[in-house]
Amino acid sequence: MEVTSQPAAFEPRDFHSGLMSCCDDVGVCCCGLFCLPCLGCSIASEMNECCLCGLGMPIRSVYRTKYNIPGSMCNDWMIAYCCLGCAACQMKRDLKIRKSNGTLKA
């Protein structure tokens, strides 16, 4: 018998907040607006990744894969290219929600 797919640790689910939902967490929004590199290091640290990984398509793809969030690498690239700050804030908000409800994977 051939295995064609691996069971996912998480059910497929979108991000907990939208890409443009910056007002959902004003503190994260301000951090993304005034110090995007600091926000990137915070995200990488919470994901147990190197701070030098930075923001952008690779870390977003890793995050989506880890939490079984639907999407594609092409979509990740377009989002990171067109609105990096909003993408970073969305990931940070999602990390905070996962941390508060106990679903943050180390």
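Of the contacts (heavy atoms within 4.5 Å) in the protein with a separation of 6 or more, 71% are between residues 24 or more positions apart. This is a predicted model, where local features need pLDDT of at least 70 and side-chain atom pairs count only at pLDDT 80 or more, while totals for chains, interfaces and linings use all residues. Residues are numbered from 1 along each chain as its sequence is written, and side-chain values use heavy atoms, with hydrogens and water left out.

**Overall layout**

- You'll find 5 helices and 0 strands here, with helices (H or I, at least four residues) and strands (E, at least two) taken as DSSP runs numbered from the N terminus.
- Going along the sequence, the pattern reads α-α-α-α-α.
- Out of 106 residues in the protein, 35% are buried, meaning under 20% relative accessible area with a 1.4 Å probe, protein chains only (exposed is over 50%, partly exposed in between).

**Nonpolar cores**

- A nonpolar core here is a set of buried Ala, Val, Leu, Ile, Met, Phe, Trp, Tyr and Cys residues joined through side-chain atoms within 4.5 Å.
- The largest one has 14 residues, and Leu-39, Ile-43, Met-47, Tyr-63 and Met-91 have the most contacts inside it.
- Two or more residues come from each of α2 (36-46), α3 (57-66) and α5 (84-101), with α5 giving the most to this core, at 4 residues.
- Apart from this core lies another, of 5 residues, including Ile-79, Cys-83, Cys-86 and Ala-87.
- Leaving out residues up to four places away in sequence, Met-47 touches Ile-59, Val-62, Tyr-63, Lys-66, Met-91 and Leu-95.

**Helix α5**

- With 18 residues, α5 reaches 26 Å from its first C-alpha to its last, close to the 26 Å expected at 1.5 Å a residue (1.5 Å times one less than the number of residues).
- Its buried residues include Cys-86, Met-91, Lys-92, Arg-93, Asp-94 and Arg-98.
- Cover for the buried residues of α5 includes α1 (26-34), α2, α3 and α4 (73-82).
- Just after α5, Gly-102 takes a positive phi of about 80°.

**Ser-61**

- Ser-61 sits in helix α3 and is buried, with a relative accessible area of 9%.
- Beyond residues up to four places away in sequence, Ser-61 touches Met-73 and Asp-76.
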